[in-house]
Amino acid sequence: EQVRAACRTYVDVVIGTEWPAMRHGQSSPEALQAALRILQLIASYQPQIAAQQAIQQSDLALANQIMDGRRMRLFDNDQGIPMIFWAGNFFIAAVTIVFCYLFRVRKRWLHVFMTVGLMLVIATLFVITAEFDYPFRGDGQLQPFPFTQLHGLIAGEQSLNQAHGTR
């Protein structure tokens, strides 16, 4: 029951505190403490038989996956696309547009239309790349859907247990 409560706390903190903090490039110390609490509860359990030990090992592996998932989310939130990538893309875009301009089409309006169209396509690709540069920020940010679904499952399980009078 303590592990379930710790899991509920972790999910609540991730949804309520950490995800909003990630929108600003930060993390939540409370989420770290909640994740560590899950790990600590599982590690401190003293199994009496081999079956309990196997379950504890399995639970420790799952708790480590929780920690790894959080670590990866925070890493993705901190790491952007390197400047060398942006510089290289701007250089390639400039060369492409210059070549497009140099290789003329007979009709001037068609040539201008083609060059401007290419510039718009390249600009759109840059905007999309910039939007996904930090996946937890901006208009295209990732939402905590898995955690909200898990929160609903935990809440449903809790109300089901209360209805049946079990813990």
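Start by selecting Cys7, Ile38, Ile66, Leu150 and Ile154: these residues lie nearest the centre of the largest pocket, which has 20 lining residues. The model on screen is predicted.

Keep the pocket in view. Its volume is about 410 Å³. By type, the lining of this largest pocket splits into 12 nonpolar, 6 charged and 2 polar residues.

Next, colour the helices that line the largest pocket. Helix 1 (2-22), helix 2 (29-44), helix 3 (50-78) and helix 6 (145-164) each give at least two residues to the lining. Select helix 3 among these: the largest share of the lining, 8 residues, comes from helix 3.

Now hide everything but helix 1 and helix 2. Their axes come within 8 Å of each other and cross at roughly 165 degrees. Angles over 145 degrees count as roughly antiparallel, and helix 1 is therefore roughly antiparallel to helix 2. The crossing of helix 1 and helix 2 is left-handed.

To see the contact itself, show side chains on both helices. From helix 1, select Gln2, Val3, Ala6, Cys7, Thr9, Tyr10, Val13, Val14, Thr17 and Glu18. From helix 2, select Glu30, Ala31, Ala34, Ala35, Arg37, Ile38, Leu41 and Ile42. Colour this selection by type: the contact of helix 1 with helix 2 consists of 12 nonpolar, 3 polar and 3 charged residues.

Finish on Cys7 and Ile38. Cys7 of helix 1 and Ile38 of helix 2 take part in the contact between these helices, and both are among the residues nearest the centre of the largest pocket.

Technical notes
Residues are numbered from 1 along each chain as its sequence is written. This is a predicted model: local features need pLDDT of at least 70, side-chain atom pairs count only at pLDDT 80 or more; totals for chains, interfaces and linings use all residues. Side-chain values use heavy atoms; hydrogens and water are left out. On a 1 Å grid over the protein atoms alone, a cavity is a set of points where a 1.4 Å probe fits but cannot get out, and a pocket is an open set with protein on both sides within 12 Å along at least five of seven lines; lining residues have an atom within 4 Å of a point. Grid points are joined across faces, edges and corners, and a volume is the space filled by probe spheres set on the points. Helices (H or I, at least four residues) and strands (E, at least two) are DSSP runs, numbered from the N terminus. Ala, Val, Leu, Ile, Met, Phe, Trp, Tyr, Cys and Pro count as nonpolar, Asp, Glu, Lys and Arg as charged, and the others, Gly among them, as polar. Axes are lines fitted to C-alpha atoms, for helices over the stretch in contact, and angles run from 0 to 180 degrees between N-to-C directions. Angles under 35 degrees count as roughly parallel, over 145 as roughly antiparallel, 65 to 115 as roughly perpendicular and the rest as oblique. A crossing is left-handed if the near helix is turned anticlockwise from the far one by less than a right angle, and right-handed if clockwise. Contact means heavy atoms within 4.5 Å.
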